[in-house]
Amino acid sequence: MKHIACLLALLLPFTHELNAQKKADRKTLGNLQAHVTFLASDKLEGRRTGTPGEQLAAEYIATQMKLAGLTPKGDSGYLQTFPVSEGKLIATASHLTVNKTTLTPGEQFIPLPFSAQKSAKGDVLRDVNEPENIWLFNVKDFEMQPHADSLEIYRQNAREAAKAGATGVIFYNGDETPKDVQKWLSVAVDPLTIPVMWVNSETSKLLSETEDLRINMQVSFTAGRRTGTNVVGYIDNKAASTIVIGAHFDHLGHGEDQNSLAPNDKTIHHGADDNASGTAALLELAKLLKASHLQKYNYLFVAFSGEELGLFGSKYFTEHSSVAPGSFNYMINMDMVGRLDPVKGLQVGGIGTSPVWPTLLQQTIPAGIHTTYDSSGIGPSDHTSFYLKNVPVLFFFTGTHSDYHKPSDEAAKINYPGELTVIKLVYTLVEKTNNMDKLAFTRTRDKQPSSTGSPRFTVTLGIMPDYTWQKPGVRVDGVTDNKPASKAGILANDVIVELGSHAIVNLEDYMQALSTFKKGDKTTVRVRREDTEKVFDVQF
């Protein structure tokens, strides 16, 4: 009996500790579910950057940071606002009427970015372009070369029409989708003297099948600018260096920014996994680290907005942080960590950005969790902005799924125990670095961020693009040593406007162009450098 009593006495602390841990886990699981359920609720309408729903989400996150005992580190309390430039938006005054049919802006017709903000009307014969009247151009009659810049061809034809006396121009039967043409509105280009529109396939059919047309058109734009909001909290341990933990909380709203993978579904895109899950993990890690004895480093927790538009929030933060970026030890980014699956497992990016990561991750992640690794510091999420500032990064991600960028990404589909597993792994990793000096940074192989459906390519130019650049071309944020760009003489801040025969208007064009080359190919790169243009010979 005495031996049993001794055994019980030995087991009691262990049992008490185990029960306490189970209780803490249940509390964290409940908190995760509460966070995700609120952030992905209809009330927030998809948390599109710059909307009331985004503001409600920011206020919720700020409140949770305050309850966790974090110090505010934004411009106004926990909040840090930043501008998002979007080029032109179609104003409500824009309209197009064909005979008695009034068409829908943004879908059935879209003013082109070089259009004058004017009106025109007239009785039009489809195949007769007369001075002092609206001209119709059937795009199928154009000789479009492979990889031709459609926008530039439209601009040239509209300019010639204006010189010949046209009062307005409408292009029909083009191969573009409304989503493609909407993107052109972000292109900065000087306006012509007449209104110019593109129409979709439905409207093209109307124009093609009707001889006598009564057309009334007007183009009006508004400035495409909105304000996003980051949320920033801090644990000040009076240390020289700071660990940054981040996650973006914005999502797609109703898909207004043409980034939905269900473009015909205009209902709320809930964004439970993308990225209410990462935001919830951020808040719970803040509580754990605030209650911990890990005090060798300070901790900065940042919930970013503008990620879905091109990393706007994180790029702004790295350039306007109230904590000096030079003091950042490393950054951990959690984006879509709510669908941990035994088969797909956990994906960890950025392990090449510091020499200590591979060993630390091997010590941290149990053998039972299937894990895939990527060494690159460049990826389709906010850690990229920190890597470009020479900060070691890690990117935690549980994989894409059929609900990605669709309204069906809902809170009920989150694997909360799996998300708790990710949180514990991140906490353990942070705990291990508490006994280490500030981490060394290393550059990694170049890799462009991609999304579902992006072109695949086997070569790299060796540049790091500026993902928030809104003007024509691709601005170079950095150049990788000993890659084709650096060997050719391309520099940071150059703007790539042509790659071989491919005109480059945006990052999508750049990636599409890269996909046409293979190792050993030679081509030219045309860049805009300040007020001049330069052409470089490169070999992949």
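Of the 540 residues of the protein chain, 53% count as buried, where buried denotes a relative accessible area under 20%, exposed one over 50% and partly exposed the range in between (1.4 Å probe, protein chains only). The structure is a predicted model, in which local features need pLDDT of at least 70 and side-chain atom pairs count only at pLDDT 80 or more, while totals for chains, interfaces and linings use all residues. Residues are numbered from 1 along each chain as its sequence is written, and side-chain values use heavy atoms, with hydrogens and water left out.

The secondary structure of the protein chain amounts to 12 helices and 23 strands, these being DSSP runs numbered from the N terminus (helices H or I, at least four residues; strands E, at least two). With a radius of gyration of 27 Å, close to the 24 Å that the globule rule gives for 540 residues, the protein chain is as compact as a globular protein of that length; the radius is taken over C-alpha atoms, and the rule is 2.2 Å times the number of residues to the power 0.38. The C-alpha atoms fill a box of roughly 110 × 50 × 45 Å along the principal axes. Among contacts (heavy atoms within 4.5 Å) between residues at least 6 apart in sequence, 78% join residues at least 24 apart.

An automatic or database domain assignment divides the chain into domain 1 (22-82 + 227-336 + 386-411 + 425-434), domain 2 (92-219) and domain 3 (463-539). The C-alpha centres of domain 1 and domain 2 lie 42 Å apart.

A nonpolar core is a set of buried Ala, Val, Leu, Ile, Met, Phe, Trp, Tyr and Cys residues joined through side-chain atoms within 4.5 Å. In the largest such core, which has 59 residues, F301, M334 and F396 touch the most other members, and helix α6 (residues 272-290) gives the most to this core, with nine residues. Beyond its neighbours within four places in sequence, F396 is in contact with residues including I332, M334, V337, L346, V348, L361, V426 and L429. Apart from this core lies another, of 43 residues, among them A166, V181, I215 and M217.

R155 is placed in helix α3 (residues 150-163) and is buried, with a relative accessible area of 19%. Its side chain makes a polar contact with the side chain of E152 (2.7 Å). Leaving aside neighbours within four places in sequence, R155 is in contact with F114, V189 and L192. A polar contact here is a pair of N or O atoms within 3.5 Å; within protein, one must be able to donate a hydrogen and the other to accept it, and residues adjacent in sequence count only if both atoms are side-chain atoms.
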